[in-house]
Amino acid sequence: MTDQTPRHGHLAASLGRALTMGAGEMTSKVAVAAAFMWLARMVRPDIYGQVEWALSMLTVATLAADAGLGTWAAAELGRRPDAAPLLVAQVGWLRLGLSLVVSAVLLMLAWLRGGGAGAALAVYASVLWLM
């Protein structure tokens with residue numbers, strides 16, 4: 001009977017963390033959807049289109065800056081848990097470097113595009129390295 005208690009406690013804790021994480025993700029998605037609905041009603045369609053263009057560019061840039069490093073790092077940590085401190089540092093620095101390069105490319109695209117879309121993209125590009 002005592003063997004079952006820790007396992008049950010671990011399962012309950014894991015389920016609690018998963019539910020908390022799921023609730024946070026759902027809250028985030030609802031907030032973003034509400035923000036875009038509000039924005040779509042508050043600005044002219046051409047301005048909204050410029051913001052959407054800039055966001056689509058940011059989405060592609062975020063994928064490029066991530067480069068699947070999280071998935072690779074998780075697999076490596078599963079294989080070599082003792083290498084965690086070094087691996088976390090390496091992935092962090094690599095992501096920072098990729099983000100800076102991608103931000104520079106986005107700023108160049110923003111300058112070439114100009115107008116409201118270029119300004120929106122420049123703002124997004126300037127904070128990409130924070131992700």
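1. In this predicted model, Lys29 is exposed, with a relative accessibility of 53%. Glu25 is partly exposed, at 45%. The two side chains form a salt bridge, with 3.8 Å between N and O. Both residues belong to helix α1, which covers residues 4–42, and they sit 4 residues apart, or about one turn of the helix.

2. Glu76 counts as buried because its relative accessibility is 11%, and buried means under 20%. Arg79, at 58%, counts as exposed.

3. Glu76 also meets the side chain of Arg80 in a salt bridge, at 3.2 Å from N to O. Arg80 is partly exposed, with 36% relative accessibility. Through shared partners, the salt bridges link Glu76, Arg79 and Arg80 into one network.

4. In general, oppositely charged side chains can pair when their charged atoms come close.

5. Which residues form a nonpolar patch on the surface? They are Val101, Val105, Met108, Trp111 and Leu112, and together they have about 580 Å² of accessible area. Val101 is part of helix α4, residues 84–113. Val101 counts as exposed because its relative accessible area is 54%, and exposed means over 50%.

Key
Residues are numbered from 1 along each chain as its sequence is written. This is a predicted model: local features need pLDDT of at least 70, side-chain atom pairs count only at pLDDT 80 or more; totals for chains, interfaces and linings use all residues. Side-chain values use heavy atoms; hydrogens and water are left out. Patches are made of residues with over 30% relative accessible area and no salt bridge: like charges are joined within 9 Å, nonpolar side chains (Val, Leu, Ile, Met, Phe, Trp, Tyr) within 5 Å. Accessible areas come from the Shrake-Rupley method with a 1.4 Å probe; for residues, only the protein chains shown count as cover. A salt bridge is a side-chain nitrogen of Lys or Arg within 4 Å of a carboxyl oxygen of Asp or Glu. Helices (H or I, at least four residues) and strands (E, at least two) are DSSP runs, numbered from the N terminus. Buried means under 20% relative accessible area, exposed over 50%, partly exposed in between (1.4 Å probe, protein chains only).
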